[in-house]
Amino acid sequence: MTKAWTRWQDWAEVAIGVLVLLSPLVVDTSNAAMWTMIVLGALIAIDGLVDLAMPAMIYGEYVQMVLGALLFISPWVMGYTDMMAASWASWVGGVLTVAAGALAMPAANAAHSAAAQPH
């Protein structure tokens, strides 16, 4: 079973979330872009921390992938595609978040199966 605080994919999710959260400090944004990146970045980082603390929780990885997809589409939905740096931060952060969540799924499934077996 995977130990808590050891899965590299979840650490990557935390790092991606923090980078997206802080990116409005270094890229030009509108008010909508800034708050979208702050909120989604914070949610990605928080979910990564929850996944680290509870490695057998499978649905956390699904939440992570949904958050990554939302981050990816946010430049179009929130109307900041003309701000290239903010858009690219959202697109790259979204793709990396989905990838990290998908890569963590086998480990989360294994941890969940091990936790569900009687001892």
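Reader: Which residues in helix 2 meet helix 3?

Author: This is a predicted model, to be clear. On the helix 2 side you have Thr-36, Leu-40, Leu-43, Ile-44, Asp-47, Gly-48 and Asp-51. They meet Gly-60, Glu-61, Val-63, Gln-64, Leu-67, Leu-70, Leu-71 and Ser-74 in helix 3.

Reader: And by class, how many are nonpolar, polar and charged?

Author: The contact of helix 2 with helix 3 has seven nonpolar residues, five polar and three charged.

Reader: OK, geometry next. At what angle do helix 2 and helix 3 pack?

Author: About 165 degrees, with the axes 10 Å apart. Helix 2 covers residues 31-53 and helix 3 covers residues 59-77. Angles over 145 count as roughly antiparallel, so that is what helix 2 is to helix 3.

Reader: Is the crossing of helix 2 and helix 3 left-handed or right-handed?

Author: Left-handed.

Reader: Switching topic: how many aromatic pairs does the structure hold?

Author: Four. One involves Trp-5 and Trp-11, whose ring centres are 6.2 Å apart. Their planes sit at 45 degrees, so that pair is tilted.

Reader: Last one: which residues form the aromatic cluster?

Author: Phe-72, Trp-76, Trp-88 and Trp-91 form one cluster.

Key:
Residues numbered from 1 in each chain as written. Predicted model: local features only at pLDDT ≥ 70, side-chain atom pairs only at ≥ 80, totals over all residues. Heavy atoms only, no water. Phe/Tyr/Trp six-rings, centres within 6.5 Å; stacked < 30°, edge-to-face > 60°. Axes fitted to C-alpha atoms, helices over the stretch in contact; angles between N-to-C directions. Helix = DSSP H or I, 4+ residues; strand = E, 2+ residues; numbered from the N terminus. Parallel < 35°, antiparallel > 145°, perpendicular 65-115°, else oblique. Left-handed = near helix turned anticlockwise from the far one by under 90°. Contact = heavy atoms within 4.5 Å. Nonpolar A, V, L, I, M, F, W, Y, C, P; charged D, E, K, R; others polar.
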